[in-house]
Amino acid sequence: MKRIYLMILFATLATIVSAQTDDKGYKEGAWVLKGVTGINMSQTAMTNWSAGGENSIAGNAYLNGSLTHKSGNWLWVTNLVLDYGLSKTKSQGMRKSSDKIGLSTQLGYAATKVWYYTFMADLNTQFAKGYNYPDKSHYISNFFAPAYSNVALGMEYRPKSNYSIFLSPVSTKMTFVSDDYLSDLGSFGVDPGDHFKIEAGAFLKARAELPVMENVNLITTADFFTPYNKDFGNVDVNWDVLISMKINKVLSATLNMTLKYDNDVKTFNDEGVEKGPKVQFKEILGIGLAYNF
């Protein structure tokens, strides 16, 4: 029995090793896992510093990976993005600086050499509660509050394995607000007291993984959605950019940027008067330990 197991193991390894890379960068029949993960840290320490300031420490852990499997005309690609960061100062205490869970999967069947009939599904949410600092008494977000999911059918243009554009005229955007407190407030576009909202619309997703220069790699994903209702033409945007810069075998610098616009997420001024949706932007630059796989 052990010999049978060993034979199966060796046959599987031989299949993976012998898989040849085609002109588009795919390995036929193989499961290809790649990405980057790491931890960034920063610290400021002061003693009798005449210019002012205070001690601080900050850090975040991240992962951006993809799993690809190609077999004949079938292509299955799954991407996972995780990011969580904290910062601490004496005056402000501990604060969340970044928080993201992103999972997407696409199953395609080749129509031509560069076009695929594709089914796509994704999920985006966060790990922990979020606050509109300095107010720490009322949280404004939580795990699965919100959570966004797109399910779509369409065509994907994929001339190479490292970049693609997915187009869907048949898409649904689902918004989940599982937290009762936020649901009662009608946060993130749901009706007060509801935990779920669904919209039909058009969807576009673009992704690229490119070497910018030696030891500098770029991973970017951009999602665009517009609903088939009175808000048609108001485009929700979610654009992520990760630039990984390898310093040596151990150290790496990363630049992580996110731009968002959601027509259902309203903003308020200091008097609590609603001002409507705005463009959201976040940028994190860090140096730490990174592992490319």
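Glu 209 counts as buried because its relative accessibility is 17%, where buried means under 20% relative accessible area, exposed over 50% and partly exposed in between (1.4 Å probe, protein chains only). The model is predicted: local features need pLDDT of at least 70 and side-chain atom pairs pLDDT 80 or more, while totals for chains, interfaces and linings use all residues. Residues are numbered from 1 along each chain as its sequence is written, and side-chain values use heavy atoms, without hydrogens and water.

Glu 209 forms a salt bridge with Lys 34, their closest N and O atoms being 3.8 Å apart; the term requires a side-chain nitrogen of Lys or Arg within 4 Å of a carboxyl oxygen of Asp or Glu. Lys 34 lies in strand 1 and Glu 209 in strand 10 (residues 196-213), so the pair ties together parts that are 175 residues apart in sequence. Strands are DSSP runs (E, at least two residues), as are helices (H or I, at least four), numbered from the N terminus. Lys 34 is partly exposed, at 31% relative accessibility. Arg 207 is linked with Lys 34 and Glu 209 in a network of salt bridges.

The structure holds eleven salt bridges. Another of them joins Asp 236 to Lys 173, with the closest N and O atoms 2.7 Å apart. Asp 236 belongs to strand 12 (residues 236-246) and Lys 173 to strand 9 (residues 163-176), so this pair connects parts 63 residues apart in sequence. Both residues, Asp 236 and Lys 173, are buried.

Overall, the protein has two helices and 16 strands. Of its 293 residues, 38% count as buried.
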